[in-house]
Amino acid sequence: MEAKIHLPDPSLIKEELINRYPAKVAKKRSKSIVINDPETIPEVQANVRTVPGIITQRGCSYAGCKGVVLGPTRDIVNITHGPIGCSFYSWLTRRNQTRPENPTDANYITYCFSTDMQEENIVFGGEKKLKQAIQEAYDLFHPKAIAIFSTCPVGLIGDDVHAASREMKEKLGDCNVFGFSCEGYRGVSQSAGHHIANNGVFKHMVGNNNTPAEGKFKLNLLGEYNIGGDAFEIERLFEKCGITLVASFSGNSTVGAIENSHMADLNVILCHRSINYMGDMMETKYGIPWMKVNFVGAESSAKSLRKIAEYFGDAGLKARVEEVIAEEMPKVKAIVDEIRPRTEGKTAMLFVGGSRAHHYQDLFTELGMTTVAAGYEFAHRDDYEGREVLPNIKIDADSKNIEELKVTADPVLYNPRKSEAELEELKAKGLEINGYEGMMKQMASKSLVIDDVSHYESEKLIELYKPDIFCAGIKEKYVVQKMGVPLKQLHSYDYGGPYTGFEGAVNFYKDIDRMVNNPVWKLIKAPWEKENTEALEASYGA
Amino acid sequence: MLLRHTPKEVKEREGLTINPAKTCQPIGAMYAALGIHGCLPHSHGSQGCCSYHRSTLTRHYKEPVMAATSSFTEGASVFGGQANLLQSIETIFAVYDPDIIAVHSTCLSETIGDDLQQITKKAKDDSKIPEGKYVIYASTPSFIGSHITGYANMVTGMAEQFSVSTGEKKDQVNIVAGWMEPSDMREIKDISKAMGAKIVLFPDTSDVLDAPQTGKHEIYPKGGVTVEELKSTGDSKCSLALGCISAEPAAIALDKKHKVPFETLDMPIGLSATDRFIMSLSKAAGVKVPAEITAARGRLVDVMADMEQYFHGKKVALFGDPDQLIPLVEFLLDLNMKPVHIVSGTPGQRFEKRMKEVLVRAPGANFKNGLNADMFLLHQWIKNEPVDLLIGNTYGKYIARDEDIPFIRFGFPILDRIGHSYFPNVGYNGALRLVEKILSVLMDRQDRTALEEKFELVM
């Protein structure tokens, strides 16, 4: 696939991006900056340590664990064990929407809980205060579950959050208490926290309730966090198609749903990076296959619904899915036809997440726009190159520190939903069963793929490519806009959305049209600053 | 209800903080460092700290907030972060070329005992700091104090590490800005200029966090106190510290190091605190108060008198930071309003003492600061004694909506409105703006809820 637009010579650009770096840094960064070839898929260095001082987009393990994966479940009391900051910064900032059924149902999303560790707790240990905090949370709210998140000092001073949680769980009797060792220094990015969160949710929640789930086509939605209401749109489509959503990991979810999730017959994965561990573990223990889908983009949503119907192999479901698509698509098409003439031929860059930088390219394609450069903030090689590279990924010291759960088939509950032969047959039909082909196969040849892009590289890229839109996060938003280029936040959606499904696609088209064609970008220069200003001439009204 | 689980009954808590009215030290240090011209703040800890602080400051200002991190991994946490900081210093000077790197610590680097003074000295000894460039530092452990403490520590660091005394006194007054907005710092400079007072204001985030759209990103915007100015603070004839918690420590440091005498003032928010500031500045700089300042004061008092009926007896709940709350509460009392509930997560006996002095005029008011003085408690107090007005940062909107209380955004962070970085709260003009805001929300409420026959045209 060649890009429709003319791209500058990427090898020269790569040179430009690294030539200011000290030699060692340049050498390291050059392995993470790759000129794409969708046919051969070159290797991308990813999930390695960020160069100290380089100004990275990345956050920490705590952010990945508490902020991303556990944050969206509304009825867990999430207590951050540490000094006050970490809990404060992750308080409501990820826009995880949730919709309790009744006004009295538990919803702690608007609350922020912390042990607010003080110096004496650092010196003499904080476990006592933690247990006190758990007791107080229980006395106040009587929640179904309390989760404890370790911040940096906790691991260093040797507080055992797991022992404290076990003790309190036993003491309280009717409250599931469990801890996460997600100290910020673990791993090299948020990614470590995702893995730690997956392990904890799998160990402490999944499988706690064996009541068979009702419904004919039962699935779990993995790696969808209901930012801006994304999960609501997908829920709407499932309901329309007659697909039962048992649990979501974890947008708009509840403890009860997650505890019962092993009763589903399929796991569909949206954000591969943050939740693939859960898919693998549930497959091994319960025999539930997982399938990569994508609900970002109208065409992609249609394709994903068809894949789900194909998996269940039911003629009625297939027909219903076609009806739903036929009902939804014309509205989308009408909008895209109206907007596309204004977006056609424009260029985009996406540096965000571990999945979004891939899937949002679908929406830009639907608008006739080309992604000239993209990369993830915290992904691994498999997210770029596809899961077939997994056996070749070298496990370094930072990854080794993250626990790999030893999962085996459950003696009672293991029940392969499909036979090996059936799975092979589905794969042959193009379903990404237990697989993910990654970002690069979809990107144009000679486009740039850059992992963990630095501030310096982003500015250079904008200078060299002058993209029509740049997608990243809040830290980059106003930097890029100061350069006169609109930035679409793909973590918070600039407080808009949803962007999934058919309605989401329409929202996105409209937002991008508004942004790239906004008159404000032409107002930056004052009239007297513009070149070729004509000499002031007197003019008189007629 | 957004905060549906908050019960009316208040129970003492010791372990659990819920909905904090503070955050941690390093973000304050980062904010302060942005008020030095040509400075790149650096967070010595895990990446998450830097990312969280930059994100929060960015959401508050809608401006670029540049800062770097030592990117600790597990290895650095076990063996110490020296190598990470040295590598950071090298990378930053090579790639981003700041004049100054201002390093602050985090709970992680403090817990493992990294010594910033020793590491920055090593960087100098190893020639990692180019000629004419600087690395300054502040110890900002997150498990002590609050974001205000971190701000104070970095401001103290810049005073201590840059100031020199040449032996020759300069005809200038240091003004140490407590944690205030760029708009407030600009207003302090404007007031001083109007008075003809020669000042060095530090830190100074104006023209940094309110930078214009020019089509170009300036990593080091025009504003910020310069190194030369900071150096000269040791020669100033005196210092005025605007805030006993966030500004005074830097003034003390200058007094200790260079015998620069100081006076600590409340931050000039509201009428009385601004009066004291103007008097002190006039005395310190040896200048007369010009007629235009007196006129600005007169306009404020005029509005206060004309609209007094709308303020009288109105109950107010507030949460936020010490140096802003103290004069704000005093101003509410000057307006004849009734501050009834006040919380701040920032600890400190100075704060308690000063607030209690101000609250002598508000018998029965609830005030708590430090541990477990959080917004959960404030909300419970409000449930027990309802108020007419809530003043605090954006997180207050959840209480305001549940309890249906008129709400003014004030303090840090303000994530959902603009204006705080452009229009001041300090000085007489700032006070006039506050009066306008208070009146607007109270009158909007009256307009919305008045019976039809009681709906007023003129107010």
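Modeller: A residue is called buried here if 20 or more other C-beta atoms, placed from the backbone, lie within 10 Å of its own, exposed if 12 or fewer do, and partly exposed in between. This is a predicted model, in which local features need pLDDT of at least 70, side-chain atom pairs count only at pLDDT 80 or more, and totals for chains, interfaces and linings use all residues. Residues are numbered from 1 along each chain as its sequence is written, while chains are lettered from A and ligands numbered from 1 in the order in which they are written.

Colleague: Which residues of helix α1 of chain A are buried?

Modeller: In α1(A), residues 10–18, A:Ile13, A:Leu17 and A:Ile18 are buried, whereas A:Ser11 and A:Leu12, on the other side, are exposed. Such a helix is a DSSP run of H or I with at least four residues, a strand a run of E with at least two, both numbered from the N terminus.

Colleague: Why are the buried residues of α1(A) said to line one face?

Modeller: Seen down the axis, they fall within an arc of 125 degrees, so they line one face of the helix; the arc is that of the directions from the helix axis to the C-beta atoms. Their cover includes α2 (23–30) and α19 (455–465) of chain A.

Terms used:
Contact = placed C-beta atoms within 7 Å.
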